[in-house]
Amino acid sequence: MPIRVQTQDFDLGAEVAALRAGQPQVGAVVAFVGTVRDMNEGAGVSEMELEHYPGMTEKALEDIVAQARARWNIFDALVIHRVGPLRPLDQIVLVAVTSAHRGEAFDACEFIMDYLKTEAPFWKKEQTPHGARWVDARVTDDQALAKWGIRSSNTGTPE
Amino acid sequence: MNIQLRFFASVREAVGTSQETVALPATVQTVGEVRAWLRERGGAWAEALAEGRALRMACNQQMTDAGARISEGCEIAFFPPVTGG
């Protein structure tokens, strides 16, 4: 299954092995793992909670992967995103892409992450010494998606 | 027209509910008009859904904008900018 939203951790090695098992046409695997930092916006983070929109999340991720497949000649893509309580050092997200040559896999992996950051309905709430706070969206994430020719209004005001 | 409302993250906390079913007056026909209609409740509703506040909207679990037309039984969601990954 190419899309998974789950509370449990994942094993990068096992996931990549499964993704390319019995696929001798694969010549490149690119994987990105996002992890929880202990510091954000100048404050220590002891724990975070990841909320999402069940149903829409899966549809959004499937749409993102479909767009990557339409743009690049890739064989497969896997997206795993964790939800629920997480701590510094924990893994949050895995994107892995297989292709014949590295260029497509690098680009598709970065595209999927850039798109996910601004279009998939996840929200992080951090616990800091000053109390709990919702993480602010970053303009740089909108800019990252813009380099693929897609405009995002995630941080903007659509009205 | 009856529609389903969903709220997430800071918007859910501000308005104090995650979902409800509402009967809309006939004059409310777009997602933006639902937002404006909910603001009329005042207090936290007016603040969380204020015009000019960065807010994202979904119709039937797809990102949408204020001009999107609503239909009977649809699911409209309001939430802050997304911060996954």
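Trainee: How many residues does the contact take from chain B and chain A?
Mentor: 21 from chain B and 27 from chain A. Two residues are in contact if their C-beta atoms, placed from the backbone, lie within 7 Å. This is a predicted model: local features need pLDDT of at least 70, side-chain atom pairs count only at pLDDT 80 or more, and totals for chains, interfaces and linings use all residues. Residues are numbered from 1 along each chain as its sequence is written, with chains lettered from A and ligands numbered from 1 in the order written.

Trainee: Which elements give two or more residues to chain B's side?
Mentor: α1 (9–15), β3 (56–59) and β5 (75–79) of chain B. Helices (H or I, at least four residues) and strands (E, at least two) are DSSP runs, numbered from the N terminus.

Trainee: New topic. What is the strand order in the open sheet of chain A?
Mentor: β1-β6-β8-β2, four strands with mixed pairing. Strands pair if DSSP finds at least two bridges between them.

Trainee: Which strands stand at the edges?
Mentor: β1 (3–6) and β2 (28–35) of chain A. Each has a single partner strand, so one side of each is left without a neighbour in the sheet.

Trainee: How do β2(A) and β8 of chain A pair?
Mentor: Antiparallel, over 8 bridges; β8 covers residues 91–99. A:V30 in β2(A) has A:V97 as its bridge partner in β8(A).

Trainee: Which strands does helix α1 of chain A lie across?
Mentor: β2, β6 (74–82) and β8 of chain A. Helix α1 (residues 12–20) runs at about 25 degrees to β8(A). Axes are lines fitted to C-alpha atoms, for helices over the stretch in contact; angles run from 0 to 180 degrees between N-to-C directions.
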